[in-house]
Amino acid sequence: MMLRRGFILFLPRLIGLLVVACCSVSIVYMLACTPKGDNQQLALPRVHSPTVKEGYEAILQEQEEQHRNYIISLKKQIAQLKAELQGRTEQLKNMQNQHPDSLDIQLDHSKPEKAQANLLAFLRSQVDKAEVQSGVKLSTEYAVVPFESFTLQKVYQLETGLTRHPEEKPVRKDKRDELIEVIELAVGSLNKPDGVSKATPHVYTASDFVEGIYRTEKNKGTLYELTFKGDAKHQFKKIVLFRPFGPVMKVKNENLNMADTLINVIVPLAKRASKFRQFMQNFREMGIQQDGRIHLTVVYFGKEQMNEVKSILENTSKSANFKNFTFIQLNEEFSRGKGLDVGARFWKGNNVVLFFCDVDIYFTAEFLNSCRLNTQPGKKVFYPVLFSQYNPSIIYGHHDSIPSLEQQLIIKKETGFWRDFGFGMTCQYRSDFINIGGFDLDIKGWGGEDVHLYRKYLHSNLMVIRTPVRGLFHLWHEKQCLDELTPEQYKMCMQSKAMNEASHGQLGMLVFKQEIETHLHRQKLSSKKT
C-alpha cells in the first residue's frame, strides 16, 4: 500500500518532467534548424520581447522570406545555365558548319551549290587540322611524319623497302605526275602579278626550282614546300602548297558469299620429298581440316623420288578422307612456269580460283579467305607479298635449341622480311589466267616466269591487288644457284640467296664475330685480374 501511494504521488512530477524535456528538445531543434544570415543570428524571444506566440510568428516569417530568396537565387542560376548551354550549342553548330566532319558531308547532286560549299569547307578544315601553320605535340620520336626531298631529277626517300633506293628517279607514274603538277602550280603562282610592285616581274620557270620537301599525313593531305631562286644571289622564293584529302565516301556496300568458292592449289615439284611431307602437314591442317573448300594439284617432273611423293599424298588422302587431289607426272626438265600452266589447264570443272604455290610455302586458313576475297573473275587478281623467313640457325644460334616451326612464324624484323620482289605466289581465277595467255613456256628453270605473268596483268584492264599478308610465309631453305641458269637468272638467284640468310644487323654480327670474341676474351681476362 505504501509503495502504491508513493507511486501515485510521484506520477505527476514524472509527467511534468517529461513535458519540460519535450519542450526543451523542441526549442533546441528549432534553434539548430533556423537558417542564419550572413551578419545576423536569430535567437529565441527574450523575456522583455513580445509574447512567445508573436516571437515564433516572427521567426517563421523570417524563415519563409529566406526560403523565398533562396528559391529566387536558384531560378536565376538555372536561367544562367540555360543561357550558357544555348550559347555553347550555337558555338558548336557554327564550328561544325565551318569544319564539317567527313562523314557528315552529303554531296547531294540535286543541290550542287550546297554540296560544293560543304566540300570546300571540309577541304579548308583539312589545312587547319594538318601540321602546316604550326607544329603539334607528339608523344614520342616515332610519331614524327618525316619529309622526303626532291629535285627536278631525283627523289630522296627514307622508306626504301627492298626494291626502292634511297636516291632514285620518280619512276612510278603517279609520283612523277604528282611532283610535276606541284612544280607547275608553284611556277604559275610565282608568275601571277601581285598588283603592288611596278617593276618588271621576274618570269619564273621550272629551271629556277632548287629543291622541295613533301610529306603525307594519311587522313589529312600532302604538304609541299618548294624553294626557287630569287632575284639576286642568296635570295630565294618559297611556296607552300597543300593537297587536302577529300572526305571519305561510300563507293560500294555488298554481301560476299564464299561458301562454295573452291581454291585449286597448284604445286610444281621435282624431288624434294622431305619438303613435300612438311608441306602436306600444313596443307592437311589449314586446307583440309580448317578450310575444307580446297583442291590440290601436284605437277611432278621426272621419276626420282616420285613414288615417295605419291605415297605421302595417298597417306594423307586416306587418313584425312581427302579425295580432292590430282597428280600429274611430266617426263621432262623442271620448269616452274610449265608445271603451273599444265596444272591450271588440266582443270575441267567450273571456273575456280587458282593458287600458284611452292613446296616451301606455309599458309594459314585466313590467307585462303584473303585469296578468295581479293580475286574476282574479269576484274581482280591477287598478288600477295609474303613474309620470308631468315635462316633459323642464324636467328636462333644463341638459343639452346631452334623453336618449332609454328613458333618461328613471327612477323618481326629479326625473323624475316617482306618479299616484295617476288611475284610467284598468286591467286587468280582460271578464266583470267587462260584469257591473259598463261605463262611463257620458253622460260626454263628458276625465275622470270612469274614476273612475265605479273607484267601481263599490269598491261591489262584487270586490277592487281598487291599487299603484304600475315598468313603466307616462305620457309627458309638453302638455295642452290645452278650453273645452267642464264646470267640474268643467276644474278637474281644470288640476290635472293643473300637476302634470305639474315637481317643487316645479324649479318654484321657474323662479319665482326672475331672482333666481338676478342673483346669478350679481353674483358674476361681483365675481370680475373681484378
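A crossing of two helices is right-handed if the near helix is turned clockwise from the far one by less than a right angle. In this predicted model, helix H5 passes helix H6 in such a right-handed crossing.

**Packing of H5 and H6**

- Helix H5 spans residues 273–291 and helix H6 spans residues 306–320.
- The two helices pack at an angle of about 20°, and their axes are 10 Å apart.
- Because angles under 35 degrees count as roughly parallel, H5 is described as roughly parallel to H6.
- On the H5 side, the contact is made by Ala 273, Phe 276, Arg 277, Met 280, Arg 284 and Ile 288.
- H6 contributes Glu 308, Val 309, Ile 312, Leu 313, Thr 316, Ser 319 and Ala 320 to the contact.
- The residues of this contact comprise 8 nonpolar, 2 polar and 3 charged.

**Lys 271**

- Lys 271 is located in the loop between strand S7 (263–269) and H5.
- Lys 271 counts as partly exposed because its relative accessibility is 42%.

**Asn 321**

- Asn 321 belongs to the loop between H6 and strand S9 (325–330).
- With a relative accessible area of 61%, Asn 321 is exposed, since exposed means over 50%.

Terms used: Residues numbered from 1 in each chain as written. Predicted model: local features only at pLDDT ≥ 70, side-chain atom pairs only at ≥ 80, totals over all residues. Heavy atoms only, no water. Axes fitted to C-alpha atoms, helices over the stretch in contact; angles between N-to-C directions. Helix = DSSP H or I, 4+ residues; strand = E, 2+ residues; numbered from the N terminus. Parallel < 35°, antiparallel > 145°, perpendicular 65-115°, else oblique. Contact = heavy atoms within 4.5 Å. Nonpolar A, V, L, I, M, F, W, Y, C, P; charged D, E, K, R; others polar. Buried < 20%, exposed > 50% of the residue type's maximum accessible area, 1.4 Å probe, protein only.
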